[in-house]
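Reader: Before we turn to any detail, could you show me how to read the fold and a pocket in a model of this kind?

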Amino acid sequence: MIVEQLGMKTSQENRMSVYLAASALAEFFADIALCPLEATRIRLVSQPTFANGLVGGFARIAREEGIGGFYAGFGPILFKQVPYNMAKFATMEIVLENALHMYGKTKAQLSHSEATAFNLGSGLIAGFAAATISQPADTLLSKVNKTKALPGETTTGRLIKIAKDLGPVGLFTGLTTRLVMVGTMTALQFGIYGQIKTALGATNSVEIAKA
């Protein structure tokens, strides 16, 4: 029992490291499965005549380019999704924790409507942070998957060339639209997430004291 209490105390004291590590690892493994689908989707969008659909596009890339064709954008997708996920979850927890501290209540003391409002607000800010951090990588990912690499051209070389061509401003093109989209989506995600936790009785039983 004492060991369990010490473990809980340690995890609470190092909760930010736990949030970041858990979200990064989860996203890394998810991206292994996501990358081929993302590569096919982008190819179909950028080249409408490439194939008739996802299955056809998947088969053509596999036939013409092999496994490497699916993972040409693996570096960019990690660079995009891992910081995105880390920023989203860490920011949400930080904002929620500080907002509750200023409000003067713990999670357990919030009414249903208050909890929903805090989840939505924290999720919105988390979405803004995640969208901003991942925007350059999102731009590079879209560009690198639109065309095949030239003979002898490496993914790293392509990324460097694209980044130089776009410049800092170009890498953040479309950020305003993405802020609205990702911010709204993330707010809804955390709002639904909070509702499900409440419905299943999975809310935190231990409140974290503000240091």
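Author: Read along the sequence, the protein follows the pattern α-α-α-α-α-α-α-α, where helices (H or I, at least four residues) and strands (E, at least two) are DSSP runs, numbered from the N terminus. This is a predicted model, in which local features need pLDDT of at least 70 and side-chain atom pairs count only at pLDDT 80 or more, whereas totals for chains, interfaces and linings use all residues. Residues are numbered from 1 along each chain as its sequence is written, and side-chain values use heavy atoms, with hydrogens and water left out.

Reader: How many helices and strands does the protein have?

Author: The secondary structure comes to 8 helices and 0 strands.

Reader: What share of the residues count as buried?

Author: Buried means under 20% relative accessible area, exposed over 50%, and partly exposed in between (1.4 Å probe, protein chains only); by that rule, 36% of the 211 residues of the protein are buried.

Reader: Which residues line the second largest pocket?

Author: On a 1 Å grid over the protein atoms alone, a pocket is an open set of points where a 1.4 Å probe fits, with protein on both sides within 12 Å along at least five of seven lines, and lining residues have an atom within 4 Å of a point. Here the lining consists of K80, Q81, Y84, K88, D138, R178, M181, V182, M185 and Q189. α5 (74-103) and α8 (175-200) each supply at least two of the lining residues, and the largest share, 5 residues, comes from α8.
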